[in-house]
Amino acid sequence: MPPRWPRKPDRKDPDYRKIDDRMNFAVHVAIAATINSGLWFFHILKNTTWDWLPLFTASWTGIVLVHLIYISAIANYSETPPKST
């Protein structure tokens, strides 16, 4: 049974924003893992000369870490988020 949200989903609801951000992070990690592992698989299998691959993987890992820091430490899940100017 898929998880259900007990109320009507609304980005103004802090609990919904928090779970939505965490689900987006999980999708981000899944996409990064799938693409990077696939690239490394073919790199090793075909013995390619992809010199950019370690930098690509390190860059994406850094972006995933920044995303994790944002949702765990920076994002504001209070009742009334401050309005941007």
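Modeller: Let's start where helix α1 stops: the residue that follows α1 is Asn 47, and its phi is positive, near 55°. Helices here are DSSP runs of H or I with at least four residues (strands are E runs of at least two), numbered from the N terminus. Bear in mind that this is a predicted model, where local features need pLDDT of at least 70 and side-chain atom pairs need pLDDT 80 or more, while totals for chains, interfaces and linings use all residues. Residue numbers run from 1 along each chain as its sequence is written, and side-chain values use heavy atoms, with hydrogens and water left out.

Asp 13 is buried, at 16% relative accessible area; buried means under 20%, exposed over 50% and partly exposed anything in between, with a 1.4 Å probe and protein chains only.

Side chains of opposite charge can pair when their charged atoms come close. The structure holds four salt bridges, each counted when a side-chain nitrogen of Lys or Arg lies within 4 Å of a carboxyl oxygen of Asp or Glu. In one of them, Asp 13 pairs with Arg 7, the closest N and O atoms being 2.9 Å apart. Arg 7 also meets Asp 15, at 3.8 Å from N to O. Both Arg 7, at 41% relative accessible area, and Asp 15, at 46%, are partly exposed. Another bridge joins Asp 21 to Arg 11, with 3.5 Å between the closest N and O atoms. Asp 21 sits in helix α1 and Arg 11 in the segment before α1, so this pair ties together parts that are 10 residues apart in sequence. Asp 21 is buried at 13% relative accessibility, whereas Arg 11 is partly exposed at 41%. Through shared partners, Arg 7, Asp 13 and Asp 15 end up in one salt-bridge network.

Tyr 16 is buried at 19%, while Trp 5 is partly exposed at 28%. Elsewhere, Phe 41 and Phe 42 make an edge-to-face pair, 5.2 Å centre to centre with 80° between planes, and Phe 42 is partly exposed at 43%.

What do the buried residues of α1 pack against? The partner is α2 (53-74). Among the buried residues of α1 are Phe 25, His 28, Ala 32 and Asn 36. Two of these names come back in the list for Trp 60: leaving out neighbours within four places in sequence, Trp 60 is in contact (heavy atoms within 4.5 Å) with His 28, Ile 31, Ala 32, Ile 35 and Asn 36.

Thr 57, also in α2, is buried at 19%. Its side chain makes a 3.0 Å polar contact with that of Asn 36, the term meaning N or O atoms within 3.5 Å; within protein, one must be able to donate a hydrogen and the other to accept it, and residues adjacent in sequence count only if both atoms are side-chain atoms. With the same exclusion of neighbours within four places, Thr 57 is in contact with Asn 36 and Trp 40.

Finally, the largest nonpolar core has seven residues: Phe 25, Ala 32, Trp 60, Val 64, Ile 71, Ala 75 and Tyr 77. Such a core is a set of buried Ala, Val, Leu, Ile, Met, Phe, Trp, Tyr and Cys residues joined through side-chain atoms within 4.5 Å. α1 and α2 each supply at least two of its residues, and α2 gives the most, with three.

Key:
Rings of Phe, Tyr and Trp (its six-membered ring) pair if their centres lie within 6.5 Å; planes under 30 degrees apart count as stacked, over 60 as edge-to-face and the rest as tilted.
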